Amino acid sequence: LPLYGEDMIDLFRSARPNAAMRPHVYAVAEAAYRNLLKHRQSQSILVSGDSGAGKTESCKIIANYLAYVSSLRGAKAAADAGGSAAAGAAAGGRGVEQLVLDANPILEAFGNAKTLMNDNSSRFGRYTEILFRAGRIAGARIRTYLLEKHRVARHRRGER
């Protein structure tokens with residue numbers, strides 16, 4: 001079942017996504033991006049859930065979505081300035097959007113541990129702020145918060 005990818009992104013970027021497609025993480029990301037552009041005000045997406053529910057994966061999918069639609073905006077601007085959209089997209093291939101995405105696996109490598117509930121559970125909460133300029137990703141700030149101090153000093157049997 002193709003739940004993610006460029007075809008699905010294009011579907012959610014259409015003027016009126018089908019109500020039957022919701023809830024979907026792309027719908028949430030698209031609504032935040034549209035409101036950012038329309039109202040020129042910061043937007044927030046809160047991802048929460050139990051251990052192993054997919055919070056980290058959902059955040060990665062949101063970041064990928066925003067990077068993709070942001071790069072499309074840059075490609076369109078390049079085309080409007082006299083280049084082709086494809087050339088604009090190719091030129092931004094290692095742009096800020098990709099650098100922000102590339103930082104995520106590095107951050108995930110630190111602070112994860114095996115628990116009884118999850119083989120790769122994070123000990124940290126993360127606040128990710130993606131910065132935009134003219135609808136394009138301009139940078140990011142990531143703050144981490146130690147959530148489970150008791151597990152840093154000792155852990156239960158079966159955990160590492």
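Trainee: Is Ala 134 buried or exposed?

Mentor: At 62% relative accessibility, Ala 134 counts as exposed; the cut-offs are under 20% relative accessible area for buried, over 50% for exposed and partly exposed in between, with a 1.4 Å probe and protein chains only. Before going on: this is a predicted model, where local features need pLDDT of at least 70, side-chain atom pairs count only at pLDDT 80 or more, and totals for chains, interfaces and linings use all residues. Residues are numbered from 1 along each chain as its sequence is written, and side-chain values use heavy atoms, with hydrogens and water left out.

Trainee: Where is Ala 134 found?

Mentor: Ala 134 sits in the loop between β3 and β4 (136–146). Helices (H or I, at least four residues) and strands (E, at least two) are DSSP runs, numbered from the N terminus. Ala 134 is not a glycine, yet has a positive phi of about 55°.

Trainee: What does Asn 35 contact?

Mentor: Apart from neighbours within four places in sequence, Asn 35 is in contact with Arg 40 and Gln 43; contact means heavy atoms within 4.5 Å. Asn 35 belongs to helix α2 and is partly exposed, with a relative accessible area of 29%.

Trainee: Step back a bit. How many helices and strands are there?

Mentor: Six helices and four strands. Along the sequence the pattern is α-α-α-α-α-β-β-β-β-α. The protein has 160 residues, and 25% of them count as buried.

Trainee: What about the surface area?

Mentor: The protein exposes about 10,900 Å², with carbon and sulfur atoms supplying 54% of it. Those accessible areas come from the Shrake-Rupley method with a 1.4 Å probe; for residues, only the protein chains shown count as cover.

Trainee: Back to α2. What is its span?

Mentor: Helix α2 (residues 25–39) has 15 residues and reaches 21 Å from first C-alpha to last, close to the 21 Å expected at 1.5 Å a residue. The expected span is 1.5 Å times one less than the number of residues.

Trainee: Which of its residues are buried?

Mentor: Val 25, Tyr 26, Ala 27, Ala 29, Glu 30, Ala 32, Tyr 33 and Leu 36.

Trainee: And in α5?

Mentor: In α5 (residues 96–109) the buried ones are Glu 97, Val 100, Leu 101, Asn 104 and Glu 108. Seen down the axis of α5, they fall within an arc of 95°, so they line one face of the helix; the arc is that of the directions from the helix axis to the C-beta atoms. The face turned away from that buried side carries the exposed residues Ile 106 and Ala 109.

Trainee: Which residues have the most contacts inside the largest nonpolar core?

Mentor: Ile 9, Phe 12, Tyr 26, Tyr 65 and Val 69, in a core of 15 residues. A nonpolar core is a set of buried Ala, Val, Leu, Ile, Met, Phe, Trp, Tyr and Cys residues joined through side-chain atoms within 4.5 Å. The elements giving two or more residues to this core are α1 (6–13), α2 and α3 (55–80). A second, separate core of five residues includes Ala 63, Val 100, Leu 101 and Ile 137.

Trainee: How many aromatic pairs?

Mentor: Four, where rings of Phe, Tyr and Trp (its six-membered ring) pair if their centres lie within 6.5 Å; planes under 30 degrees apart count as stacked, over 60 as edge-to-face and the rest as tilted. Tyr 4 and Tyr 26 are edge-to-face, at 5.6 Å centre to centre and 80° between the planes. Tyr 4 lies in the segment before α1 and Tyr 26 in α2, so the pair ties together parts 22 residues apart in sequence.

Trainee: Which pair is tilted?

Mentor: Tyr 33 and Phe 132 form a tilted pair, 5.9 Å centre to centre with 55° between the planes. That pair links helix α2 to strand β3 (residues 124–133), 99 residues apart. Tyr 33 counts as buried at 3% relative accessibility, whereas Phe 132 is partly exposed at 25%.
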